[in-house]
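Here is a short report on pockets and salt bridges. Look over the sequence and the fold before reading on.

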Amino acid sequence: MKAIFSELRGAFVSTLVLAAVCCGVYPLIVTGAAQTLFADKANGSLIKDKDGTIRGSALLAQGFTGEQYFHPRPSAAGANGYDAASSSGSNLGPTSQKLHDAVKDRIAAYRVTNGLAIDAPVPADAVTASGSGLDPHISIANAQLQAPRVARIRQMDVEAVRSLIREHTTSPDLGILGEAGVNVLQLNTALDALPPVSVPSP
């Protein structure tokens, strides 16, 4: 009996020690290190307006549709897309007629929205959803094609808009993984932060 109680005591003490380390000490160390070394990333990479209002996260796409904004990739996350609680792709394969029809419609709409010729090439990321449905980036080619529309609606010089695109272009991870991309939420937030353009009276 004494041996059994000794074993139980050892197991109980070990459980308490492990609980304290794994559920208390370790999380505190990790949280403290994260908040000290990279607080922005640890807190969700939040993007704020100049008045401090949170617009969203640099890690998650949002569904911008207004002509004055750059548009993100299509999304299959959730019933209406861009649902951070339902990250997913469409799961439609290359032989899917539904996917083929959807891409065809998106290509036509993209050309009309951006004033392109009826046979103008369209970047793949402009008409296909990412695997997560929440990719916050678009390709540089996609952003450049949208720039004239955004500049026209906002009454800006198109080169000023392209300069903002360059400012919000991210390099491939480690310089070699993936491709350079443009963060849509950061770019649109920067556009909204610009002073309004004064239009002279006729």
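The second largest pocket of this predicted model has a volume of about 280 Å³. Its lining is made of 15 residues. Nearest its centre lie H137, T170, E179, A180 and G181. By class, the lining of this second largest pocket has four nonpolar, six polar and five charged residues.

Now the largest pocket. About 330 Å³ of space lies in it. Of the 16 residues that line the largest pocket, H71, P72, P74, Y110 and A126 are the closest to its centre. Two elements give two or more residues to this lining: α3 (97–113) and α4 (140–154). The largest share comes from α3, with four residues. Seven residues of the lining are nonpolar, seven are polar and two are charged.

Next come the salt bridges. The count is four.

| Residue | Partner | N to O distance |
|---|---|---|
| D192 | R55 | 3.3 Å |
| R73 | D135 | 3.7 Å |
| R162 | E159 | 3.1 Å |

Take the salt bridge of D192 and R55. It links distant parts of the chain, 137 residues apart. D192 sits in helix α6 (residues 184–193), and R55 sits in strand β2 (residues 54–57). D192 is partly exposed, because its relative accessible area is 29%, which falls between the 20% and 50% cut-offs.

D135, at 24% relative accessibility, counts as partly exposed.

The salt bridge of R162 and E159 lies within one helix, α5 (residues 158–167). Elsewhere, salt bridges that share partners join R55, R154 and D192 into one network.

How values were computed: Residues are numbered from 1 along each chain as its sequence is written. This is a predicted model: local features need pLDDT of at least 70, side-chain atom pairs count only at pLDDT 80 or more; totals for chains, interfaces and linings use all residues. Side-chain values use heavy atoms; hydrogens and water are left out. On a 1 Å grid over the protein atoms alone, a cavity is a set of points where a 1.4 Å probe fits but cannot get out, and a pocket is an open set with protein on both sides within 12 Å along at least five of seven lines; lining residues have an atom within 4 Å of a point. Grid points are joined across faces, edges and corners, and a volume is the space filled by probe spheres set on the points. Ala, Val, Leu, Ile, Met, Phe, Trp, Tyr, Cys and Pro count as nonpolar, Asp, Glu, Lys and Arg as charged, and the others, Gly among them, as polar. A salt bridge is a side-chain nitrogen of Lys or Arg within 4 Å of a carboxyl oxygen of Asp or Glu. Buried means under 20% relative accessible area, exposed over 50%, partly exposed in between (1.4 Å probe, protein chains only).
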